Amino acid sequence: MASEFEKNSTNMYVEQSPKGLENGQGQKNVDDDGREKRTVIGSGVLSLAWAMAQLGWVAGPVILFLFSFITYFTSTLLADCYRFPGPGSGKRNYSYMEVVRSHLGGFKVQLCGIAQYGNLVGITIGYTITASISMKAVVRSNCFHKEGHEASCTVSNYPYMVIFAIIQIILSQIQNFHKLSWLSILAAVMSFAYSLIGLGLSIAKVAGAGHHVKTSLTGTIVGVDVSGSQKVWRCLQSIGDIAFAYAFATILIEIQDTLRSPPAENKVMKRASLVGVFTTTLFYVLCGTIGYAAFGNNAPGNFLTGFGFYEPFWLIDIANVCIAIHLIGAYQVFCQPIYGFVEGRCSEKWPDNKFIKSQHDINIPWFGVYNLNYFRMLWRTIYVIITAIIAMIFPFFNAILGLIGAASFYPLTVYFPIEMHIAQRKIPKYSFKWIWLHILSWACLIVSLVAAVGSIEGLTQDLKTYKPFKPQDQD
């Protein structure tokens, strides 16, 4: 399982064969070892205002900064593990999985594969939910503008999940999807656009005449806003939401693999990580705190679709269209490793199976020849349908994001980077550094577990009032 994963996929899909030099493309499109350079993309501020409302003015920013510090620290450890056996020289590792295999090997490689696959599947489900909510929000925004803010404007998520799934089924059949470099640019533009719009609307709301909302140092108030048990569970779930916002460790190796040496990739990556994490944290703090100041303890789960904003409706529409476009592309990028793994495994197991291996050339006017593979078409379609069905069964934005964040943050952002650092540097067992690194690892494990428990409890509570396949106004 592990070796095939390495051959056919990474957290962000990339081509593994050194075609750059063979095709005479020159040095500008290849790394120093002849492999094609690759681009990556990446999402996650929509729930931070809600998370801040649960945690308050003190714990909210503190937890955001703690996650940023841990993420930066472990990213520096990961940067040193890119080459094996040493950080400055040695064999390149082109994916997170290959890094784990080189430094740890054995069963831990399979554990890493399970963690990555689970994370990727969870993300594609979460993106289906989020994109459908944003599509629905456009319709509701226009309804509120025409009918008034007190109108019900009840709209179902499900038609938009179907639309999203149909789009993904079509996009999943595109060959060499990873070579569409414009996708990264488009996704980045869309991400910045909706985040800045949300931040701008929050600032305008705070600065508006007569604005007054209830906030506190500890967030939602027990007995007023929530019950005692709700306070505990929501605080834990909000930690999972913050973890989801910071769970980008698995793309760092792929980003590092775009760098050329000299200078050494690990040194460049450490500087880039510092700037990136600092900028991201600043943006998260602004969105979270200003969003909390705008909405108070009643902050919606998604601050662009929960309708704390009604006007200007056209600007809200633009923001939600940007979210949908971003997630349409991001879904494909995150599911490419899954496609590659399954197709590679099946090709290896049944090398003579014509259904799996045969290609059928179809001439499409204005597009050229398309190589149709029936197995690829069938299996990718089934995958998209399954993720859409799961999203329909559990269309709960905050709880799902919190669960994904809690489940992926510890193993991929904390555990493996620390374990690989210990193995690479040959840190003696029970030495001072070995002990404090393991204390950090175990502390993060506990945080991830309690965040997962809080998210599961939130999911359970949502299911109690949830009516399947009926319109839901709660976003």
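**Ground rules.** I number residues from 1 along each chain as its sequence is written, and I leave out hydrogens and water, using heavy atoms for side-chain values. Since the model is predicted, local features need pLDDT of at least 70 and side-chain atom pairs count only at pLDDT 80 or more, while totals for chains, interfaces and linings use all residues.

**Helix α5.** I took helices (H or I, at least four residues) and strands (E, at least two) as DSSP runs, numbered from the N terminus. Helix α5 has 41 residues and reaches 59 Å from its first C-alpha to its last, close to the expected 60 Å. The expected span is 1.5 Å times one less than the number of residues. G148 follows α5 and has a positive phi, near 105°. In the loop between α5 and α6 (158–171) I found C153. C153 is not a glycine, yet its phi is positive, about 45°.

**Aromatic pairs.** I paired rings of Phe, Tyr and Trp (its six-membered ring) if their centres lie within 6.5 Å; planes under 30 degrees apart count as stacked, over 60 as edge-to-face and the rest as tilted. The count by this rule is 16 aromatic pairs. I looked up Y127 and F334: the ring centres are 5.8 Å apart and the planes are at 85°, so the pair is edge-to-face. Y127 is in helix α5 (residues 107–147) and F334 in helix α11 (residues 313–349), 207 residues apart.

**Transmembrane record.** The unreviewed UniProt entry annotates several stretches as "transmembrane region", among them 274–294 and 434–456. UniProt positions are in the numbering used here, feature names are shortened, and annotations may be inferred rather than shown by experiment. Residues 274–294 are 100% helix and 0% strand, with end C-alpha atoms 30 Å apart. Residues 434–456 are also 100% helix and 0% strand, with end C-alpha atoms 33 Å apart.

**Helix α10.** I checked the span of α10 (residues 265–295): its 31 residues should span 45 Å at 1.5 Å a residue, and the end C-alpha atoms are 43 Å apart, which agrees. G296 follows α10, and its phi is positive, near 70°.

**Cis bond.** The peptide bond from F84 to P85 is cis, with omega near 10°. I placed P85 in strand β1 (residues 83–85).
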